[in-house]
Amino acid sequence: MKTVKNLMLFVALLAACLASAQSLPPYLDPSAPLEQRIEDALSRMTLEEKVAMCHAQSKFSSPGVPRLGIPENWMTDGPHGIRAEVLWDEWNTAGQTNDACIAFPALTALAASWNPAIASLYGISIGQEARYRNKNVLLGPGVNIYRTPLNGRNFEYMGEDPFLASSMVVPYVQGVQSNGVAACVKHFALNNQEVNRHTVDVVVDDRALYEIYLPAFRAAVQEGGAWAIMGSYNRYRGQWACQNEYLLNDILRGEWGFDGVVVSDWGGVNDTRQAIFNGLDMEFGTWTDGLSEGVSDAYSQYFLADPFLALLRSGEVPVSAVDNKVRNILRLAFRTTMNPDRPFGSFASPEHGNAGLRIAQEGIVLLKNDSSTLPIALDSAKKIVVIGENAVKQMTVGGGSSSLKVKYEISPLAGIQARVGSAASVTFVRGYVGEDAGAQDGISSGQDLSDSRSPQQLTAEAVAAAREADFVIFVGGLNKNAGQDCEGGDRASLGLPYGQDHLISELARANRNLAVVIISGNAVSMPWVDSVPSIVQGWYLGSEAGNALASVLFGDVNPSGKLPFTFPAGLEDVGAHSVGEYPGGDSETYHEGIFVGYRWADRRKIRPLFSFGHGLSYTTFAYGRASVDSKEIGPDGSLTVTVPVTNTGFRAGSEIVQLYISDLKCSLPRPVKELKGFDKIFLAPGETRTVSFTLDRSALSFFDPVLHEWVAEPGDFEVLIGASSSDIRSRVGFKLHR
Ligand code: BGC
């Protein structure tokens, strides 16, 4: 309502100016230069109006300047769909009937597509949904690096590799912002776990900071042009990240030239003076019921509210301190709410459903497929049994701030039934029972999944059904309940919950025609991996989940996703666990440094369960020899690498060709290899295409912590071309000379 009022006021002001034939004041003149508009608006504002803009007025909004027709800011989670409207000062749903959105696949699924065009489709579509709902800031995407498979929020992020996450975040941000909606990239920075997230002081060396944890944020800012960044809850160098001199002033604004707004995470501010001087612009969530402490309607008590105003009034803090923040907030307004050219958006449309379907189909990963168990052939599979709670459980409700109220959600079972139609019989058997959650913030999936049968009964029933069937599809994994893929806590273990390991092993004994579909945003251990012929990583796929899964299981779509993070065989194979102090306490040192994910596995010569970059297809691809256009390059030169790839099977399909760089000798330890290029190519059966990559010195550089700059050290390098990080098909050497 307030937004509508403000808009009306703005229009009325415009109309009044036009009617009286006066020229527009510069801040209202869209043709005036942006910085001039900002200074003009600022010069018209009172101190109180300025301070008011720096903090929330409700759970998800902050004031504009009603007197001047400058609209409020309305934020929304993010990052997989537009969060339902909540009450003014509560997390609870406002109970509206016009806010059920399309849920897009979780960001891990997007990252698994390895397709920047798909990230662009995602950004454009979710941006349209946000715009239609009159939100000018989308709280997402998240690009915190996957450091441990226990992190309860990994499903909201883009995996373990900085190059992949950077390549995917840029088109997402640009897509969102093409709607006049700011993408608020989160959580800056080093929020790599949920346990201790409000307190932990992360100790990490500069190389790991710059090489692993910051690149995706930098790409979002410098290449994607992100208009907003959200600080994280944790501390770094003893200061909370939302009020962190080093992260916000020195790096974000100083080194990267960020000119957008820095928004706190909800309840992430802890000190007025640091919040004033260390780069934060807008404070959200402090002391509001449900987070941090429990004072209702405490907005005037926020660190950047009355306490800030008092310091300004007394002269202890110069007015320039608030002016700097308001400039950034006004820049946000001119880019979003006050941009007369922004489109109107669209919501919960069939087009968005289709976009979600395409993203999901490109992200599904075929992990294993012995004897071409998949796709399921309906001429022989006449009796199909679907087993497992995740075949029916709604996954869009729950998980924390990314929980959604959706227009619809096709479950895996419904998708399979719709696809099979009358071609075969499809029965469902429960198999196991998880916790009966399925509600958050007053929004419920409407499902009652409680079941009083014992695990023994459920297993016996499932095994009997599996014996009778022509084909068994097991759909299990994790869910969005607390302690699994859920904000606010981490997973207790890498293993599957609810006795699924035992059940899967029994099913594998009962029927060889078995596909195991894992729904999760995280790696899980698979003690049964050798006995199960086919495994599909199905992620959280949103509204179109069931249709997307069915299209892959039955071969309408040839799977083409690859893992955006390593599936370790056990936690001892993860750097954060073996040397890295996870979960820390008041502080946590990332002793593994730059050796995260496959970098750790390579260094320690560990064979993962499934490697970063792994993913199969229903066809096969042959790689020819990679070649370089020159065996030597100079410091400012570039190198072109080409490799022919052929579809050697009988189906059309897409392959993700990966390029890794190996620095053979360096004055500092370097990873065995690092992803520096990839291309997803579509090939008809028999077709060959030559993939080409151009590399410059940035692909060869490491961050020198002493010089505090990126350095490419002359010497011998190798280009590795692979189908995954552990399936290198061709290598070629070259030299970087001075
Ligand atoms: C989360 C953010 C989210 C915010 C608002 C916080 O608890 O960490 O990611 O955007 O709440 O819901």
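Reader: How many residues does helix H15 have, and how far does it reach?
Author: Helix H15 (residues 455-468) has 14 residues. From its first C-alpha to its last it reaches 20 Å, close to the 20 Å expected at 1.5 Å a residue. The expected span is 1.5 Å times one less than the number of residues. Helices (H or I, at least four residues) and strands (E, at least two) are DSSP runs, numbered from the N terminus.

Reader: Before we go on, what kind of model is it?
Author: This is a predicted model: local features need pLDDT of at least 70, side-chain atom pairs count only at pLDDT 80 or more, and totals for chains, interfaces and linings use all residues. Residues are numbered from 1 along each chain as its sequence is written, and side-chain values use heavy atoms, with hydrogens and water left out.

Reader: Which residues of H15 are buried?
Author: Leu458, Thr459, Ala462, Val463, Ala465 and Ala466. Buried means under 20% relative accessible area, exposed over 50%, partly exposed in between (1.4 Å probe, protein chains only).

Reader: Which exposed residues sit on the face turned away?
Author: Gln456, Arg467 and Glu468.

Reader: And what covers the buried residues of H15?
Author: The cover includes strands E11 (383-387), E12 (425-429) and E15 (471-477), plus helix H16 (500-510). Contact here means heavy atoms within 4.5 Å.

Reader: Switching to strands. Are the residues of E17 buried or exposed?
Author: Buried, on both faces of E17 (residues 534-537). Ser534 and Val536 are on one side, Ile535 and Gln537 on the other. In a regular strand the side chains alternate between the two faces of the sheet.

Reader: What does E17 pair with, parallel or antiparallel?
Author: E10 (residues 365-369) pairs with E17 in the antiparallel sense over 4 bridges. E16 (residues 514-519) pairs with E17 in the parallel sense, over 4 bridges. Two strands pair if DSSP finds at least two bridges between them.

Reader: Last one, E2. How many of its residues are buried?
Author: In E2 (residues 73-77), 5 of 5. Asn73, Met75 and Asp77 point one way, Trp74 and Thr76 the other.

Reader: Which strands are joined to E2?
Author: E1 (residues 61-62) runs antiparallel to E2, with 2 bridges. E3 (residues 137-139) runs parallel to E2, with 3 bridges. Serine 62 stands opposite asparagine 73, and leucine 139 in E3 is the bridge partner of aspartate 77.
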